[in-house]
Amino acid sequence: MTVARAPPPGYPGCLPFPSCTPGTAVAAPDRTALLADTALLEDLGLTAWPALKTVHHDGWLLRFSGGHTGRANSVTVIAPGVLPLAEKIAFAAAQYRAHGLTPLFRTTPLCPDGLEKALTGAGFARQGDNAVQVLDALPAELPAATAIAPLLEEGWLRAWLAMVPVPERELPFLRAILAAIPMPCLYATAWEKGQAAAVALGVVDRGRVGVFKVATRPDLRGRGHGGRAVRAVLAAARREGARGAYLQVGCDNAPANRLYARLGFSNAYGYSYWRPAAVVPAEG
C-alpha cells in the first residue's frame, strides 16, 4: 500500500502537514487515493483498539469504553450519512452523557464537509491534533534483550502501568479492551538489567501491524529502550507476515515523534478531538 503522505491544508479534519515532522517535504496527494488509504487505516485502527460498546448511527460509530483512551470513547465517522449534522451531534452528545462520559468527537479526512463548523456551532472546540503515521518496510531481526509474547501477561501490564499511570476506575476497561482485541497480538518488552525498561503492543491485521501502548520507564527515557520495544514489535510482525506498520501519535509529543521518525515512520493523515468548549483547557 502506498499511503498519501500529506493531505492538503484545509482538507476536512486534517492537519496542515507536516506539523508533526518539521522540515519534511509536502506533496499534494490525490483526493481519491487519500480517502482510500485513510479508510483502510481507520478500519485497521478501529479493529485493533476495539470499543466495549458501539452504537451505529447514520454512518457514525459512537464508541464507549468507560473513558479509557479517546479512540475507544469518541464518535468516528465511517460513512457520509443522510441526517442533518446538528441532529446527529445532539444525538451523540446525549448518548455520551447517558453513559457518564463527556461527549467527544474525532474528526478525520473521512468526515463530511461542514462537520467542524457544525461542532463549533454546537458548542464544541478542537482539543488536540494527532497524526497517523506509517512505515512501509519492517526490520528482520529482533533487537537484543527483547521478548515477545502473543498473550497479555500480568508482568507486561504491571510494567506498562508503572510507566503510564491510569486512574483506578479505568483499569477494568483497559483490561476489557485488551481482552477484546480480535486480531493476533504481540506484547513486546525491552529489558535492562533484568527489568522491563520499555514495552509496546502490536496488533497484526491484513498485512500490517498497528503499534500501541508504547511506554518507557521514566528514569530510563532517552536511552533507546522505547525504540527497541517498537522494533521488536515490527520484527515479530514481519515474521507473522506483516509488510508495513502504522501508529497514532499526538503532534505535540515531540519525544515520540522523534523516535518514530528515527524508525522511519512518516505522516499519513491527521485527526483531531473535539470536546464541549467548557471543558477544553485554555491555551497559553
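Biologist: Which backbone nitrogen does a side-chain oxygen of asparagine 253 reach at the start of helix 7?

Modeller: A polar contact is a pair of N or O atoms within 3.5 Å, where, within protein, one must be able to donate a hydrogen and the other to accept it, and residues adjacent in sequence count only if both atoms are side-chain atoms. Here the oxygen of asparagine 253 comes to within 3.2 Å of the backbone nitrogen of alanine 256. Helices (H or I, at least four residues) and strands (E, at least two) are DSSP runs numbered from the N terminus. The model is predicted, so local features need pLDDT of at least 70 and side-chain atom pairs pLDDT 80 or more, whereas totals for chains, interfaces and linings use all residues. Residues are numbered from 1 along each chain as its sequence is written, and side-chain values use heavy atoms, without hydrogens and water.

Biologist: Which residues of helix 7 are buried, and which are exposed?

Modeller: Buried means under 20% relative accessible area and exposed over 50%, with partly exposed in between (1.4 Å probe, protein chains only). In helix 7, residues 254–262, the buried ones are Ala256, Asn257, Leu259 and Tyr260. Seen down the helix axis, they fall within an arc of 160° (taken from the directions from the axis to the C-beta atoms), so they line one face of helix 7. Pro255 and Arg262 are exposed on the other side.

Biologist: What do the buried residues of helix 7 pack against?

Modeller: With contact meaning heavy atoms within 4.5 Å, they pack against strand 5, strand 9, helix 6 (225–239) and strand 10 (244–250). Just after helix 7, glycine 264 takes a positive phi of about 105°.
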